[in-house]
Amino acid sequence: MRVVIGEDSVLLREGVARLLEEAGIEVAGQAGDAEDVMRKVRAHKPDVAVLDIRMPPTHVDEGLQAAAAIRAELPGTGVLLLSQYVEPDYAMRLLADGAEGVGYLLKQRVSDVDGFVEAVRRVAGGGSALDPEVVAEMVGRRREDDPIESLTPREREVMELMAEGLTNRAICDRLVVTERAIERHVTGIFSKLGLTATGNEHRRVLAVLRFLHA
Amino acid sequence: MPAELHDPPVLTRAEHAVARALAETARSDEVYPRVLAAIGEALGWGLGAVWEAPAEPGGTMCCVATWHAAGVEAGEFEALSRATGFGPGQGLPGRVWSSGSPAWIAEVAEDPNFPRADAARRAGLHAAVCFPMSGPAGVLGAIEFFSGEHREPDALVTATMASIGAQVGQFVQRRRAEQAVLEAAELKRAMLDASLDCIVTMNHEGCVLDFNPAAERTFGYRAGDVIGREMAELIVPPSLRAMHRAGLARYLEGGDARVLDRRLEITGMRADGSEFPVELTITRIEVPGPPTFTGYIRDITDRKAAERELRESRARLVAAADEERRRIERDLHDGAQQRLVASALGLRLARAKMSADPAAALEALDQAEAELDGAATELRELARGIHPAILTDGGLEPALAMLARRSPVVAHVSVDLGGRLPPAVESAAYFVVSEALTNVARYAGAARVEVRAEMRDGSLALRVSDDGCGGADPAGGSGLRGLTDRLAALDGTLTVDSPPGGGTALRAEVPCG
């Protein structure tokens with residue numbers, strides 16, 4: 001697997017590169033700004049581009065724009081965005097075109113090496129990875145007649161992991177229960193939230209996120 | 001043509017009649033008909049008119065008065081004259097205006113430069129004479145007369161009429177000058193009356209000569225009650241009277257003019273004895289004789305209060321900024337810094353235990369990692385509290401949405417701004433909503449809170465309203481006070497409406513221009 005890294009902080013860029021290389025992932029290119037990222041992604045066609053949201057020149061949302069460009073130009077390349085702070089709107093903008101091969105993590109998450117590498121692999125494989133804190137902020141939001149209140153604690157746990165982008169398989173590993181039990185919880189969640197549980201993993205992720213964001 | 005027309009007694013009678021008319025009339029618009037009648041009747045003309053030259057260059061002469069002898073039917077001709085304007089050289093009056101000399105036409109219907117010829121023929125007019133009305137400043141107009149008979153020019157009559165024209169011209173010019181003086185005095189009175197500043201005039205003995213309506217309002221006296229009294233005992237506080245009197249005496253002795261024509265800030269006194277700050281400028285009026293002084297006085301109570309409020313709010317802002325820096329320092333010291341130190345200790349411990357006790361080393365590393373993670377989280381939260389990045393990047397809409405998501409009370413946000421606002425406005429608005437939501441969660445006992453942000457007449461209008469118990473102190477706690485100061489620095493305002501049991505609505509307005 002090969003990645004291109006776009007991050008203007010050299011310290012963090014080198015750190016991420018080293019960490020990925022040690023996990024056996026090839027770092028095909030490193031860039032310090034959005035333009036350089038696009039050049040290197042086009043040249044190397046990596047499995048994943050790991051991008052900082054804020055990059056030169058304006059430090060606003062260059063990473064987000066680069067992500068949209070990459071997804072339009074090279075649908076086979078996953079994008080994993082790193083953000084300094086939690087912003088569900090950014091996550092939702094990113095997911096607006098589908099949840100395949102998309103990730104949004106806090107920069108801080110990089111220090112959990114195993115979790116980070118797993119997220120990179122998931123995005124490279126066409127899955128999604130949403131930061132638990134983004135999910136927590138969306139789930140934690142208070143609303144009137146909140147249907148989330150009707151979920152059991154276990155269902156809520158499952159829903160949060162599902163929103164993060166974990167597959168049923170990964171969720172049962174995490175919670176140490178059978179896949180059968182997870183499927184039962186998922187069905188319960190979808191009926192309580194009034195969602196239709198059709199289709200693949202990605203569609204389920206999107207359905208849950210749109211529900212949370214609404 | 002009457003044979004006696006150029007008789008000296010007849011001419012003298014005409015001159016006398018005009019002199020009497022001038023002596024008995026005060027206003028120029030009243031004198032014209034009498035002059036026309038005096039000349040017309042004395043010299044046997046049937047119809048006369050006065051034409052005034054325009055005040056501005058480029059204008060035309062206007063007929064301002066007409067007269068006709070009893071039995072003369074010339075209504076159409078008079079109306080035409082009054083409706084006609086003549087430029088220099090045009091028609092009979094224009095000709096006289098240009099030349100400054102009298103003109104005689106024996107037969108108007110045959111004259112090449114007489115535009116009113118048709119109407120004159122219908123009125124049965126034949127001969128005409130016109131002479132200038134001139135004063136020291138030049139030709140002011142012209143006076144014309146018509147006869148129903150053919151009349152040949154007569155040098156003596158013409159000369160008499162020229163002399164009468166000069167008399168009338170001088171009279172008119174003098175009246176106009178007097179009128180101008182009168183109008184200037186009226187204008188001055190109107191200015192004194194309409195002035196927002198108090199204008200008080202006193203003589204060299206310090207007695208009030210004039211006290212305008214603004215002074216009446218400000219000091220609480222009627223002009224009629226104060227004129228003639230010593231000004232010092234009326235509007236100067238007792239503590240300053242000696243100084244005032246000494247200053248006036250000093251000026252009168254040696255002309256020490258240190259207080260004249262300068263803006264002074266001093267204390268004034270109302271009729272009820274209350275004192276208040278005023279701004280004062282004294283000028284000496286140049287009149288012959290002993291000097292007269294005019295004081296322009298403005299009540300600056302409001303301005304002084306505003307200045308004090310500004311100073312205090314500035315001080316509060318500085319104090320709040322200091323407090324904020326101390327809080328950040330405390331948070332850094334108690335939080336992230338401690339965690340970083342703990343983490344460094346953990347790393348050192350891990351290195352020490354590495355070979356002897358790998359399990360303990362691993363545990364120390366886990367610990368260090370957890371502390372670093374905690375430090376990163378705390379720094380992120382701290383940075384968000386100082387200035388949320390989402391506000392910088394995305395503006396008010398996503399920033400308020402984030403506040404709503406984090407609000408413990410159900411919050412609905414609607415934002416209609418049509419774009420980004422100046423950074424200082426966005427920032428103030430964000431902290432207003434943040435503080436308001438915190439207060440709602442703490443005190444209001446509300447089930448839901450509504451946040452609205454919209455543009456109204458170039459200002460950002462914010463409204464945070466809840467359905468809680470109301471009864472909040474409108475003066476607000478220190479938090480709201482700080483926000484009021486912050487908004488005031490942007491010319492904005494903050495109001496709190498919180499009737500007991502009726503929920504609380506906080507409104508802020510900030511101009512964005």
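This is a predicted model: local features need pLDDT of at least 70, side-chain atom pairs count only at pLDDT 80 or more; totals for chains, interfaces and linings use all residues.
Which residue of β11(B) stands opposite T201(B)?

**View 1. Pairing of strands β7 and β11 in chain B.** Strand β7, which covers residues 198–202 of chain B, and strand β11, which covers residues 292–299 of chain B, are joined in the antiparallel sense over 5 bridges. Within this pair, the residue of β11(B) that faces T201(B) is T294(B).

**View 2. The open sheet of chain B.** Five strands, in the order β8-β7-β11-β10-β9, form an open sheet in chain B with antiparallel pairing. Because β8 (208–211) and β9 (264–269) of chain B each have a single partner strand, they stand at the edges, and one side of each is left without a neighbour in the sheet. On average, and with direction ignored, neighbouring strands of this sheet are turned by 35° against each other.

**View 3. Helices α2 and α3 of chain A.** The axis of helix α2 (residues 34–44) of chain A comes within 10 Å of the axis of helix α3 (residues 62–73) of chain A, and the two cross at roughly 25°, which means that α2(A) counts as roughly parallel to α3(A), the limit for that description being an angle under 35 degrees. The crossing in which α2(A) passes α3(A) is right-handed.

**View 4. Residues at the contact of α2(A) with α3(A).** From α2(A), the contact draws on A34(A), V37(A), M38(A) and V41(A), while α3(A) contributes E62(A), G63(A), Q65(A), A66(A), A69(A) and I70(A). Sorted by class, the residues of this contact between α2(A) and α3(A) are 7 nonpolar, 2 polar and 1 charged.

Key. Residues are numbered from 1 along each chain as its sequence is written. Chains are lettered from A and ligands numbered from 1 in the order in which they are written. Axes are lines fitted to C-alpha atoms, for helices over the stretch in contact, and angles run from 0 to 180 degrees between N-to-C directions. Helices (H or I, at least four residues) and strands (E, at least two) are DSSP runs, numbered from the N terminus. Angles under 35 degrees count as roughly parallel, over 145 as roughly antiparallel, 65 to 115 as roughly perpendicular and the rest as oblique. A crossing is left-handed if the near helix is turned anticlockwise from the far one by less than a right angle, and right-handed if clockwise. Two residues are in contact if their C-beta atoms, placed from the backbone, lie within 7 Å. Ala, Val, Leu, Ile, Met, Phe, Trp, Tyr, Cys and Pro count as nonpolar, Asp, Glu, Lys and Arg as charged, and the others, Gly among them, as polar. Two strands pair if DSSP finds at least two bridges between them.
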